[in-house]
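Here is a short report on one protein chain. Look at the whole fold, then follow the text to one strand and its partners.

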Protein chains: 2
Amino acid sequence: MGILSVTAALFAADMQAQQNLFGGQDILSAVVNADRTVTFRCMAPDAQKVQVAGDFAATVEDNPVGGIVGTGLLSMTKDEKGVWIYTSGPLEPELYSYLFVVDGVATLDINNPHVYRDFATISNVFLVGGGQADLYQVNDIPHGSLTHRWYDSPALGTDRRINIYTPPGYERSGERYPVLYLLHGAGGDEDEWVTFGKATRILDNLINQGKAKPMILVMPNGHIHLEAAPGESSRGFYKPEHLRLENAAGAFEANFKEIIDFTDRDFRTIPDKAHRAIAGLSMGGGHAMTISGYFENTFDYVGLFSAAAGGRSGRPATGVYAGFDTTLKKQFDNGVKLYWIGIGTEDFLYNANKQLRAQLDAIGAKYTYVETGGGHVWKNWRIYLSDFAPLLFR
Amino acid sequence: MGILSVTAALFAADMQAQQNLFGGQDILSAVVNADRTVTFRCMAPDAQKVQVAGDFAATVEDNPVGGIVGTGLLSMTKDEKGVWIYTSGPLEPELYSYLFVVDGVATLDINNPHVYRDFATISNVFLVGGGQADLYQVNDIPHGSLTHRWYDSPALGTDRRINIYTPPGYERSGERYPVLYLLHGAGGDEDEWVTFGKATRILDNLINQGKAKPMILVMPNGHIHLEAAPGESSRGFYKPEHLRLENAAGAFEANFKEIIDFTDRDFRTIPDKAHRAIAGLSMGGGHAMTISGYFENTFDYVGLFSAAAGGRSGRPATGVYAGFDTTLKKQFDNGVKLYWIGIGTEDFLYNANKQLRAQLDAIGAKYTYVETGGGHVWKNWRIYLSDFAPLLFR
């Protein structure tokens, strides 16, 4: 049987994909079973060793990589047809990522057509439903719309791609809506709150359950040297590098009003402080902190998810970073309805957030603090958004 | 060096992707060189044989798969670091797909974060710019918007996902626009004209060059048993099966007015025949043929790209398929400004389209016929759209 074998019937029918499709194997993987165990299959008759690596693997059996939370390498077993199989124990409801490692070569599972990009890296994904994870699914309820737009940024000298979610019924209601600006991390782009973050589905579900107010989500790209996510810009298909100093220069934060103005002009917003929230994860949490302080009377709701709260230490105390202590005080004097901080106990930014809390305590600022287990992972950020959104615009 | 090694610096900085990202290799692949050769790299120190399979490979060196156009298997060569390398000859400007085959196992290139799904299968992609392919790139010009919407379909008993492109300036112009309904093939869904088809970029570029009129693109899902593309529906992440009989029952075609009504209600269209076009590839070409005949005075422009034009033979001559010869005659008697047929000489539907032409000739229908090289492939469908769109709404 050829690895790239195709179903002959496909070519007999007049309905098919393009002629040069890369075949396909008659194998299903990853299969979520009724008991929430998950079965992985990899066709590799001639391989000596096949493993599955995933953030579902709590037990690290054989992992050459130190320090990466949750990416155990689990040995698969070959059956008589040359298919390597591994079935996990029952998994908690969650969105998971995984890879195969075939004779030491990291590969994707070609039988799972669902691949998510986390900036420069890719992995297969699967979802175990139930509980919290039901918020991440498409359910049989009204759906909002997601629009990929480009806004003009004179300050940054280019048009820039931006993703906008409008809630169910927006197109015909004629009503105005509050806005949550939702920012990604340094290893992300405007698409990741949609893919890994499941933000549009979380909002669809929370709104349908009456737990969150209908709102607009605005997801810009926080890398000022990029006009769009990799593959969506004039740079074409390329492998992006993590960490660019430009991110720390404050230009994204200082020019955020361009994004607010764009949103208020092209969407039916309620353009006031009481109906404006800003939140972000990691670098985006730092952005949310800085932006909400710099535009000191603009946001009534602020969410810091595993925020790069201590990022100011290495930066020049100029521009948006100048006199941050004073700015923070002024922001709270002006009034903030909700200043929400979420962090995992295993997050490498735990201490930075501890320091931020001390700073807030010192000025008598009132904030909400949520400490969870886990580290700097999408699992936490999905939960934080799910818990934060219902608190907005009350 | 660990396969899943990560840059330690990432963990020192407070700006990064999630903690459990799957590392990343310090390897670039596929790299399009200045002379339009392309270099592929695969880290596999312990592998015995690594090959690259792609639709760029005109020369089939060693391909166990008969009958698949263009998917040659080309041997890569291992360097001293265990990285397998292959550099192609200069390639024509085009969007290409490829995979690696490591010791007989089909895998994706984990160093290329750009992966496209063709219904149930996945492959890496790269683009060689220049010429025709410049239409497929994001250029520094105004961009239209792409919205993922859901429309209510009482006839099919569900909400259904649909992709809508609005041209640059739509949001603020206040103007009304013509509409091109653009349909996918049996091995596709509502997303594929955006990914492989590059329809939104082709339109952005043609409109900017003054070659096409600004228009709205409407891209529905033509599988009536699906509410949305795989991964975007309540079925969650699953591997879809090709070929479903429901496709042939005519319900998609018969209820197409729901999609027209939705579009005319929620978008600023010019809701008349002179400003309405319909086109599709393969099964979608069959749909365009049937729909434009069944709604006999609705579309002034029809595009059949590698159309499943002979699909009627195996179907009951009832419903939308009843009396098709008469319907076709009536459609042309009512007047059609453009009936455009494009087919490749190697396409397995070549004869079906030849029969359709004979049928059109028999009733004295005037149509445009474009015969290209190549087969049933996205390369042709991108070209057909690029050639068809400029002819619309003149």
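Buried residues make up 54% of the 394 residues in chain A. A residue is buried if 20 or more other C-beta atoms lie within 10 Å of its own, exposed if 12 or fewer, and partly exposed in between, with C-beta atoms placed from the backbone.

This is a predicted model: local features need pLDDT of at least 70, side-chain atom pairs count only at pLDDT 80 or more, and totals for chains, interfaces and linings use all residues. Residues are numbered from 1 along each chain as its sequence is written, while chains are lettered from A and ligands numbered from 1 in the order in which they are written.

Chain A has nine helices and 18 strands. These are DSSP runs, numbered from the N terminus: helices are H or I with at least four residues, strands E with at least two.

Now take strand β16 (residues 301-305) of chain A. Five of its five residues are buried, so the strand is largely enclosed by the rest of the structure. A:Y301, A:G303 and A:F305 point one way, and A:V302 and A:L304 the other way. In a regular strand the side chains alternate between the two faces of the sheet.

The chain passes from β15(A) through helix α6 (residues 283-294) of chain A to β16(A), a right-handed β-α-β crossover. Right-handed means that, with the strands pointing away from the viewer, the path from the first strand over the helix to the second runs clockwise.
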